[in-house]
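This report looks at how two chains meet. Please have the sequence and the model open while reading.

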Protein chains: 2
Amino acid sequence: MTSPSNRRAHVVGLGLIGGSVALALAEHGWIVTGEDAVAATQLAAQQRGLVTGVDRARDTELIVIATPAGSVAAAVASVLATVGDAPVVVTDVAGIKGAIGDAVHDARFIGGHPMAGSEQRGLEGARADLFRGCTWVLTPTAATPPDAYGRLHGWLRELDANVIALDAATHDRLVATASHVPHLVAGALMNEAALIAESDGALLQLAAGGFRDMTRVSAGDPAIWPDVLTQNKVAVTAGLRSLRERIAALETRIANDDRAGLMDELRTAAIARRELPGRAVPSAELTHLRVPVPDRPGVLAQVTMTASELGVNIYDIEIAHSVEGQPGVIFLAIEIAEVDRLAQALSAHGYRVSRDEE
Amino acid sequence: MTSPSNRRAHVVGLGLIGGSVALALAEHGWIVTGEDAVAATQLAAQQRGLVTGVDRARDTELIVIATPAGSVAAAVASVLATVGDAPVVVTDVAGIKGAIGDAVHDARFIGGHPMAGSEQRGLEGARADLFRGCTWVLTPTAATPPDAYGRLHGWLRELDANVIALDAATHDRLVATASHVPHLVAGALMNEAALIAESDGALLQLAAGGFRDMTRVSAGDPAIWPDVLTQNKVAVTAGLRSLRERIAALETRIANDDRAGLMDELRTAAIARRELPGRAVPSAELTHLRVPVPDRPGVLAQVTMTASELGVNIYDIEIAHSVEGQPGVIFLAIEIAEVDRLAQALSAHGYRVSRDEE
């Protein structure tokens, strides 16, 4: 790894997320170049000092594709064509991972999705601290070089993101519930209210904190969504159908004066909401878990995804390579309180885990 | 009106809203008594200094019923029985107004609904500033004495609430869209996510800002909802059905790759959300509008509701009584920029409005 001051990154697509990535990396000492298909955006980014230039350097370590989901695969192919066989890490920020992963066939690409956003749109809304405390999903595959994953994980941790690993299909299925369906519902609630407000102006004065909270995301840039929604069609339509069924069941309960049933539904939701984990911060001391791994494809993905499934945060990940006849070792920095849970789960997958007594 | 230091109020039901009303009134110099059906709550409120005692004084000017919607009418009857024919103003805070108005037959009762809440529950969550900037709906009727309305409006303005007048039926129809349906949807989104998280623990780590915003209200106390939902059955079930239809239409658009249609829906919502009015603060100079009114029932309600329909905030309202042969006058403090709009609408209803040149 080059020293911090020499690290070079290149960002393709300088909107809200791409611009924020550029700002955040620059704040951490990277030399950042960038490009945008819109000349005015490109110029604005340079004038704001957000990127130093347009050209990807041959020694770029990190390339971030921050275009809408539908054009990520083509953009990855394009950047990889210009850097040849350089040991670069390429990642993206799109809200859908399966279709992109299927379309890219280069192990230097590791899909990513920072779960951060803003009602601000475009470059003007870009902020260096947008990713602080956010969950940043990476989707390593069996082909992902552990070293590349470890580097990318570390760089994103520097931005104070909480990095978790999921396989692309799981990511897509889960974000349908956690993000895509809620986003559509926010829009539907807002459109319904706007329609009624046409004849009843007082409605908007009744739009209190709860309504404002529930519709806030709908103010964001709509342009990213058609790609995401159509590429995640199966999971999103299933999620919407499932929500419709829940709503229909509530209608029935209300129509039948089923007060106990309503109370039960709302109490269950209240308990679940209060238990929703907050932002991941090392609340306690960290320790290193030592995981000797055979030198075969897929172990990095399996180890990191096992942690994600348990909700165990990996604060740092390092890879010590195998020497002949010996396994390599993955070191995971996690909270001491989580050691037993993760060690057990990894043991169940056949790994021989130990606390690292440095 | 007695001097501020002698004003007495009584609050029935010392939960989140009742406790906050007691705190807010006390902060503005009222002597506040209060009662709660639960002895421990009653005691806690006294120990916290939130109310000075249990007994409603004969000279109480304001009684606030802050019990669940289903028991408001009985509580109103009970307090009125103890104060005889005293010129008290009685109001409530329930989220539904039609059924309560139908059940109370005393002009001293003016239905109310502060559109404020909190994820905190009960007395522990009570805060003196809960109503700062909130919309507080009052539902005057033709029988409401303008004086009583003017006093209540002024007291609530002291708490920094934005007071608007709606008829009870309109209130109920509009809060179904602005509050009841969104609340149910927040619960449904949370329950759906919790269900999926049982098998996919990583889901909760993907619950980013948008999801947290959209489910926040579901953490509130569920106990107030069965009354509200069943008493507002027609509007709530209609609102839920309407939302289901919107969701079904989105499913069809996604299934058909109708990107333009999706973009259109989301863009409409984004524009509406960005235009949602913020908190009402006198952004400009206020002026007084002078509205001579015939001395007949219903004019107060009509004048105040006309302002609400236009989204015009009334910052202060004063009533000068008619002398023989002359009409009375209602003085409305509104923003100068709103004068023409409101004057026009009132003229259309036959009022002869003028700017008050004091």
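## Charged and polar pairs

Arg259(A) and Asp227(B) form a salt bridge through their side chains, with 2.7 Å from N to O. The model is predicted. Between chain A and chain B, the count of salt bridges is 12. Polar contacts link 30 residue pairs across the interface of chain A and chain B, with both partners at pLDDT 80 or more.

## Which elements touch chain B

On chain A, two strands and a set of helices each supply at least two residues of the side that touches chain B. The strands are strand 6 (135-139) and strand 7 (162-165). The helices are helix 6 (168-199), helix 7 (209-215), helix 8 (225-231), helix 9 (233-255), helix 10 (259-275) and helix 11 (299-310).

Which helix of chain A gives the most to this side? Helix 6 does, with 22 residues. By class, the side of chain A that touches chain B holds 50 nonpolar, 21 polar and 21 charged residues.

## Extent of the interface

In contact terms, 92 residues of chain A meet 92 residues of chain B. The two chains bury about 8,600 Å² between them. Carbon and sulfur atoms give 67% of that area.

Three residues supply more than any other three of the area that chain A buries against chain B: Gln205(A), Leu206(A) and Arg273(A). Their share is 9%.

The same surface serves both copies, and 100% of the contact residues of chain A recur in chain B.

## A positive phi in each chain

Most residues other than glycine have a negative phi. Asp160(A) has a positive phi, near 70 degrees. Asp160(A) sits in the loop between helix 5 (146-158) and strand 7 of chain A. Its relative accessible area is 27%, so Asp160(A) is partly exposed.

In chain B, Asp160(B) also has a positive phi, about 70 degrees, and is not a glycine. The loop between helix 5 (146-158) and strand 7 (162-165) of chain B holds Asp160(B). Asp160(B) counts as partly exposed because its relative accessibility is 27%, a value between the 20% and 50% cut-offs.

Notes:
Residues are numbered from 1 along each chain as its sequence is written. Chains are lettered from A and ligands numbered from 1 in the order in which they are written. Side-chain values use heavy atoms; hydrogens and water are left out. Contact means heavy atoms within 4.5 Å. Buried area is the accessible area (1.4 Å probe) that two parts lose on being put together, summed over both. A salt bridge is a side-chain nitrogen of Lys or Arg within 4 Å of a carboxyl oxygen of Asp or Glu. A polar contact is a pair of N or O atoms within 3.5 Å; within protein, one must be able to donate a hydrogen and the other to accept it, and residues adjacent in sequence count only if both atoms are side-chain atoms. Helices (H or I, at least four residues) and strands (E, at least two) are DSSP runs, numbered from the N terminus. Ala, Val, Leu, Ile, Met, Phe, Trp, Tyr, Cys and Pro count as nonpolar, Asp, Glu, Lys and Arg as charged, and the others, Gly among them, as polar. Buried means under 20% relative accessible area, exposed over 50%, partly exposed in between (1.4 Å probe, protein chains only).
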